[in-house]
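These notes are meant for a colleague who is opening the model for the first time. Please keep the sequence and the structure in view while reading.

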Amino acid sequence: MSRNMMPKINNICGEVVKANDTYEVKDNTHLNNLVLSSTRLYPGKQTTGHIHPGQEEVYFFIEGEGLIKIEEALWPVKAGDIKLIEDGEFHQVINDGEEDLYFICVFDGKRTHK
């Protein structure tokens with residue numbers, strides 16, 4: 001990837017894979033083994049909780065505040081926070097704030113949920 005095509009935190013240079021009244025999700029699949037994904041979760045909305053058997057994920061929270069549920073634990077998150085999702089752990093992000101909650105996720109392999 002050339003220097004002028006490097007992803008920026010607020011624009012990962014990906015393609016929109018989901019967009020609705022809950023969120024906008026972009027995936028950058030330029031690498032062979034990792035996917036860089038961004039989600040802009042709108043106020044009062046939440047992602048569908050899910051698991052990824054065989055995948056680990058790293059969530060980087062860039063803007064806003066909210067909550068992340070990992071298994072049964074509920075953690076407050078804000079810009080600058082990082083959360084690790086272990087293989088097969090249930091996880092869900094909740095925007096209980098008044099501003100967009102924007103986060104970036106890195107995971108190995110291909111997207112395994114819709």
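1. Basis of the model. This is a predicted model, in which local features need pLDDT of at least 70 and side-chain atom pairs count only at pLDDT 80 or more, while totals for chains, interfaces and linings use all residues. Residues are numbered from 1 along each chain as its sequence is written, and side-chain values use heavy atoms, with hydrogens and water left out.

2. Secondary structure. The chain has zero helices and nine strands. Read from the N terminus, its elements run β-β-β-β-β-β-β-β-β. Helices (H or I, at least four residues) and strands (E, at least two) are DSSP runs, numbered from the N terminus.

3. Burial and surface. Of the 114 residues of the chain, 35% count as buried. Buried means under 20% relative accessible area, exposed means over 50%, and partly exposed lies in between (1.4 Å probe, protein chains only). The accessible surface of the chain is about 7,000 Å², and 51% of that surface belongs to carbon and sulfur atoms. Such areas come from the Shrake-Rupley method with a 1.4 Å probe; for residues, only the protein chains shown count as cover.

4. Contacts along the chain. Among contacts between residues at least 6 apart in sequence, 60% join residues at least 24 apart. A contact here means heavy atoms within 4.5 Å.

5. Backbone at Cys13. Most residues other than glycine have a negative phi. Cys13 has a positive phi of about 60° although it is not a glycine. Cys13 is placed in the segment before β1 (15-19). With a relative accessible area of 41%, Cys13 is partly exposed.

6. Backbone and surroundings of Glu71. Glu71 also has a positive phi, near 55°, and is a residue other than glycine. Glu71 lies in the loop between β5 (65-70) and β6 (73-78), and its relative accessible area of 37% makes it partly exposed. Which residues does Glu71 touch, leaving aside its neighbours within four places in sequence? Glu71 is in contact with Gly88, Glu89 and Phe90. Glu71 and Gln92 are 21 residues apart in sequence, and their C-alpha atoms are 8.8 Å apart in space.

7. A search of the whole structure finds four salt bridges, each defined as a side-chain nitrogen of Lys or Arg within 4 Å of a carboxyl oxygen of Asp or Glu. One of them joins Asp21 and Lys45, whose closest N and O atoms are 3.8 Å apart. This pair links distant parts of the chain: Asp21 is in the loop between β1 and β2 (23-28), and Lys45, 24 residues away, is in the loop between β3 (34-41) and β4 (57-63). Asp21 counts as exposed at 57% relative accessibility, whereas Lys45 is partly exposed at 28%.

8. Salt-bridge network at Arg40. Arg40, Glu63 and Asp100 are linked in a network of salt bridges. Between Arg40 and Glu63 the closest N and O atoms are 3.1 Å apart. Arg40 lies in strand β3 and Glu63 in strand β4, so this pair ties together parts 23 residues apart in sequence. Arg40 also meets Asp100 in a salt bridge, at 3.5 Å from N to O. That pair links distant parts of the chain, from Arg40 in strand β3 to Asp100 in the loop between β8 (91-94) and β9, 60 residues apart. Arg40 is partly exposed, with a relative accessible area of 21%; Glu63 is partly exposed at 31%, and Asp100 is partly exposed at 25%.

9. Negative patch. Which residues gather in a patch of negative charge on the surface? They are Glu56, Glu86, Asp87 and Asp108. Patches are made of residues with over 30% relative accessible area and no salt bridge; like charges are joined within 9 Å, and nonpolar side chains (Val, Leu, Ile, Met, Phe, Trp, Tyr) within 5 Å. Lys and Arg count as positive and Asp and Glu as negative, with His and the chain ends not counted. The place of a charge is taken as NZ of Lys, CZ of Arg, CG of Asp or CD of Glu. Asp108 lies in strand β9 (residues 101-108) and is partly exposed at 32% relative accessibility.

10. Nonpolar patch. Phe60, Ile82 and Leu84 make a nonpolar surface patch of about 290 Å². Ile82 lies in strand β7 (residues 82-85), and at 48% relative accessibility Ile82 counts as partly exposed.
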